[in-house]
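Dear colleague,

I am passing on the structure that we talked about, with some notes on what was found in it. Please look at the sequence and the fold yourself before you read on.

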Amino acid sequence: MSTAGPLGLDPALLEILACPAPDHGELRADVDASTLTCTVCGRTYPVTDGIPVLLLSEAVGGPDAGPDGGSSDTTGG
Ligand SMILES: [Zn+2]
């Protein structure tokens with residue numbers, strides 16, 4: 001009777017959800033990782049108890065996630 005979509009999210013909800021980033025990209029549900037991934041910027045958002053946490057502060061990856069290792073100036077090879 002209940003038609004739950006991926007990650008327990010309502011398919012209609014997925015239709016209206018969008019990336020909180022300025023790109024407002026479409027979100028793709030990743031069932032294996034229990035996350036939502038923006039198809040535009042590539043940020044990944046966690047889904048907790050069927051509630052997508054669409055916060056930039058909670059996002060993983062994306063264009064901002066560059067080579068931020070900390071220590072640098074180390075050449076190997
Ligand atoms: Zn995005």
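Among the elements of the protein chain, which has the lowest mean pLDDT and which the highest? Helix H1 (residues 11-16) has the lowest, at 89, and strand S2 has the highest, at 96, where pLDDT is the predictor's confidence in each residue, on a scale from 0 to 100. This is a predicted model, in which local features need a pLDDT of at least 70 and side-chain atom pairs count only at pLDDT 80 or more, while totals for chains, interfaces and linings use all residues. Residues are numbered from 1 along each chain as its sequence is written. Over the protein chain the average pLDDT is 85, and 81% of the residues score at least 70.

The protein chain holds one helix and four strands, which follow each other as α-β-β-β-β from the N terminus; helices (H or I, at least four residues) and strands (E, at least two) are DSSP runs, numbered from the N terminus. The four strands form an open sheet, in the order S1-S2-S3-S4, with antiparallel pairing, and two strands are said to pair if DSSP finds at least two bridges between them. The edges of this sheet are S1 and S4 (51-52), each of which pairs on one side only. S4 pairs with S3 over two bridges, and Val47 has Pro52 in S4 as its bridge partner.

Turning to the interior, buried residues make up 14% of the 77 residues in the protein chain; a residue is buried if 20 or more other C-beta atoms lie within 10 Å of its own, exposed if 12 or fewer, and partly exposed in between, with C-beta atoms placed from the backbone. The largest nonpolar core has eight residues, namely Cys19, Leu27, Ala29, Leu36, Cys38, Tyr45, Val47 and Ala59, and such a core is a set of buried Ala, Val, Leu, Ile, Met, Phe, Trp, Tyr and Cys residues joined through C-beta atoms within 7 Å. Strands S1 (27-30), S2 (35-38) and S3 (44-48) each supply at least two residues of this core.

Finally, Asp23 lies in the loop between H1 and S1. Is Asp23 buried or partly exposed? Asp23 is partly exposed, because 16 other C-beta atoms lie within 10 Å. Leaving aside neighbours within four places in sequence, Asp23 is in contact (C-beta atoms, placed from the backbone, within 7 Å) with Cys38, Val40 and Cys41. Asp23 and Cys41 are 18 residues apart in sequence, and their C-alpha atoms are 7.2 Å apart in space.

Best wishes

Conventions. Two residues are in contact if their C-beta atoms, placed from the backbone, lie within 7 Å.
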